[in-house]
Amino acid sequence: MENILQLLMPWSTSIGVLCFFVLLRYLYRHFLFNLLHKFALASSFPYDEQILEAFENPINVVLVIGGIYGALIFAPIPLMSSTLFIDRVLRSTIVLAFFWGCYNLSDTTHGMMLDLFTRVGIRTEEAVSNIFSTILRIIIVVLGFVTIAKEWNYDISGFVASLGIGSLAIAFAAKDALANVFGSLIIILDKPFKIGDWITANGIEGTVEKVSFRSTCVRTFPQELVYIPNSLLSNTPITNFTMRQKRRVDFILGLTYSTTATQMQDVIQAIKNYLSGCEDTIYTDDIRVHFVEYGASSLNVRVTFYARTGSQVEYLEILQQINLKLMQIMEEAGVSCAFPSTSVYFETPLQQLEQEKSAEK
């Protein structure tokens, strides 16, 4: 037993430091982190909880590496306690943990930027959130790589020069991808739509679900998921139905040829009076109801107005309400809608033809 104690005595400081960091990591995970989490919930800052979650694992790694570093530094082996390699590993780990937390925080930082832009009056769209997040993450990875490379005395000038030479080849090889990137930037600047908008572009109609560097994801009404390259969207007409503040209603009401002139006037006037009273659902300053033509099988009345909505559901509800009222107006006036029909006239009456056939027999 004494021999074992004599062997462990030189390692006592090293073991003590390692145990201290193990205890510190245990306290951090089970007590300090929970305490900070409670402070985050009570704080008015909206992103402190996300910051804690982003740096939770990086701090755990730093504590583990710190404990190993302290144990090696106080180890009774001169080679371990004086080597520069261990110092570089520790510093590189701290740098890596910092950029790791920033990488995890990129989405939250984007939220912070959106909030900051909103406060200063700069309007941004949620459709480009993943683009901002991707750009920020690329910057964080590059900065982390450069910082760790400098820590290990790696000359990055040659790496940067190689990037400059290789960028030409990459540009030629990835010209379509670059076109999509520039297309996404055009979409960001012009803002022709946002996530959730109903659009039609390049022959595709549906709801925008996602905008990335390469493409825009559109969910069609039959529920197919279509990815349209941003390079095409930046060079094709885009119709945004969601941005409509009003919708034009234009239809033909065909009445039967048995309708008299008086009945026609009564129906037209009743329709105008009804539409003029629908101020909550339509714009009453541009209502047009006219007897426009004698159709092939009907007397055509053209009805035109604008509904006070851009929503498809509300638009259909308004149309249904108006159509039901038009049916009631026609019933009260004693007229009805015509249906396509064809009249056939024989030069010789059928009765005369039958008599001639009977006489021949």
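View 1. Of the contacts in the protein chain with a separation of 6 or more, 65% link residues 24 or more positions apart; a contact here means heavy atoms within 4.5 Å. This is a predicted model, where local features need pLDDT of at least 70 and side-chain atom pairs count only at pLDDT 80 or more, while totals for chains, interfaces and linings use all residues. Residues are numbered from 1 along each chain as its sequence is written, and side-chain values use heavy atoms, with hydrogens and water left out. The chain has 13 helices and 8 strands, taken as DSSP runs numbered from the N terminus (helices are H or I, at least four residues; strands are E, at least two).

**View 2. An open, antiparallel sheet.** Here 5 strands line up as β4-β3-β2-β1-β5, with strands counted as paired if DSSP finds at least two bridges between them. β4 (225-229) and β5 (238-240) sit at the edges with a single partner strand each, so one side of each has no neighbour in the sheet.

**View 3. Zooming in on β3 and β4.** Strand β3 (residues 215-220) runs antiparallel to β4, and 5 bridges join the two. One to look for: R219 has L225 in β4 as its bridge partner.

**View 4. I68 in its helix.** You'll find I68 in helix α3. I68 is partly exposed, with a relative accessible area of 41%; that label lies between buried (under 20%) and exposed (over 50%), using a 1.4 Å probe and protein chains only. Across the protein chain, buried residues make up 28% of the 361 residues.
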